[in-house]
Amino acid sequence: MTNADPQPSAPELVRSWPGTAYPLGATYDGTGTNFALFSEVAEAVELCLIDRDGVESRIELTEVDGHIWHCYLLGVTPGQRYGYRVHGPYEPEQGLRCDPSKLLLDPYGKAFSGAFDGDPSLHSYDLDDPTQRNTDDSLGHTMTTVVINPFFDWGNDRAPGHEYHNTVIYEAHVKGMTATHPEVPAEMRGTYAGLCHPAIIEHLKDLGVTAIELMPVHQFMQDQRLIDLGLRNYWGYNSFGFLAPHNEYAFAEKPGDAVAEFKAMVKTFHDADIEVILDVVYNHTAEGNHLGPTIGFRGIDNQAYYRLVEGDEQHYMDYTGTGNTLNVRHPHSLQLIMDSLRYWILEMHVDGFRFDLASTLARGLHDVDRLSSFFDLVQQDPVVSQVKLIAEPWDVGEGGYQVGNFPPLWTEWNGQFRDTVRDFWRGEPATVGEFASRLTGSSDLYEHTGRRPTASINFVTAHDGFTLNDLVSYNEKHNDANGEDGNDGESHNRSWNCGVEGPTDDPEVLALRHRQRRNLLTTLILSQGTPMIAHGDEIARTQDGNNNVYCQDNELAWMNWELDEEQADLLEFTRALIRLRKDHPVFRRRRFFGTPLRGEEDPQDIAWFAPDGSEMTSKDWDSGFGKSLGVFLNGEGIHEPDERGQRIIDDSFLLLFNAHHEPIEFALLGSEYAHEWQVVLDTASYTDDETPALPADGSLSVDGRSTVVLRKLS
């Protein structure tokens, strides 16, 4: 059929009623399905039903209310594939890109079927001559939206509801966690069902994490450029279906069954007292820049969904580095985001979100505006405001780095924590004062907005960058496998290879790397704030120096569950660290310490010491040497009450940090603080065996580049 051919009519068995303009998307009620689509620029809209043979039936939508085109189809049931054709102006120079030759995906689609095959018909222009139209039909070359069954037996499912100060986040990838796990059945690896397999649940429970933060699971698109290179979009930061779980992660084969499988996964995690947080990408879509394909938003209402360059509406504003930016200034784009968030909370039972490049959502005209419409809506929303909201507080635009500037409801990935801790342990000068601030919850960043230490999502590594193992094994990125001539990925990693680039058999280098991994984990887990571990860091996962595995859907990026002795030791060390944090509220306080870092008053809940046992002075804090520090945490000086209003009394601890390359003798605090101390953790020689008591009037040699944690005995 050509575009000039007469349109096929709807099947005789399908009865069309007017339907309603709300809710948007396709909503099955047990008898039929209501369809509703927003487009302010459309002159006509056709709903296209696709049968199992790929044959299309078109139904012209004649009901329009408030720019919502809608109908109700009696007898249309879950599993029905569909799309839209939107008729209207095609004037790219004016930002208008309606194109009825393209089968368009529903922005409110809750499931998708098929795949994009890279055919030229996906584009509204001729690939050889972009000035010429391409009116070839994209049906058969694009994905289709699927009507889902919204009904699911949640049983007695309850959100774990862990408060931030009791939270340990584990950032993970659905496929990467399970692709090689020997206990997960082969056919279930890489799926939602595989991720909640008892073997994975057991690993997370034994580790002690309370929340799993999933890298993007919204339906995303494979980049044709990567496919042409024999690669794939592994990370998934290329979304277009903000209400749909990614279909390639489904063990179930029927279109739409991914929804029930995802729900079952969430229910299983909740049964294990683990929260589910989603990494969401509302800042852009998979359609890319003006040369991208027309798969949905662009052809439905380009001006409403995208930020266009003022005076040059053919092109897109790009604050994300991906070609386009979602237009959060438009009420229907904002509605889409808010409806998506509420859907994942109310219907999919997730417990929170991490917002990719969140500064993009705060942009008004050009500047980042922390009081933008999006954040006002979140603040007022009775559903969204009650879950965990985590910002990646930067984007690639001017003024986009906004660490510490998000509103009170929000927590943030603390990039300054990451950078400071890395610098301290690789021996950079003059970082001790900054290190102390990060260790105590970054009050300089968060207290002025009325937030608590837990607003700081502390991390040393994440999906983007080196793994923990590679951070101490490589000075330079090694990204040749990505096909970008090494131009991708961060070049300034604040990493240190401990003397040899990459793999080595040198026992001294290996021992130092093992110690550095422990140092970084100890600092992360015992700092005030909310710690986040990147998946696989607890077993020294490596990416062979590649710090940008966004396109490596293979063993390079997947977790390798075959552990050698050193990896098994690190796993047990990490478990012990998290147990120490959980057992002692002094490491996970709800409020900031009461004594200023350089206060004149006698310390009540915290005190800082030089290695000789004297309290830190301004000269010590400003010293360019800045590689050693002692901190006393007073378990009897915790001012905030517990959840039941009772006073919190905990053990007291002395933490000794030595980032110098040689051992340093630390004086133990005398009778004013303790009579005896016991080493509970030493990153230079970790053991489960109980250590003998040490007199408070003595001293302790702390090995070069290591940390010692002591507990007050009496």
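Mentor: The model is a predicted one, in which local features need pLDDT of at least 70 and side-chain atom pairs count only at pLDDT 80 or more, while totals for chains, interfaces and linings use all residues. Residues are numbered from 1 along each chain as its sequence is written, and side-chain values use heavy atoms, with hydrogens and water left out. The strand is β25, residues 606–609, where strands are DSSP runs of E with at least two residues, numbered from the N terminus, and helices are runs of H or I with at least four. An open sheet of six strands, with antiparallel pairing, has the order β25-β26-β27-β32-β29-β30. In this sheet β25 and β30 (694–695) are the edge strands, each pairing on one side only; two strands count as paired if DSSP finds at least two bridges between them.

The partner of β25 is β26, residues 628–633, and the two pair in the antiparallel sense over four bridges. Along this pairing, Ile606 stands opposite Leu633, and Phe609 has Gly630 as its bridge partner.

In a regular strand the side chains alternate between the two faces of the sheet. In β25, Ile606 and Trp608 lie on one side and Ala607 and Phe609 on the other, and all of these residues are buried, so that both faces of the strand are covered; buried means under 20% relative accessible area, exposed over 50% and partly exposed in between, with a 1.4 Å probe and protein chains only.
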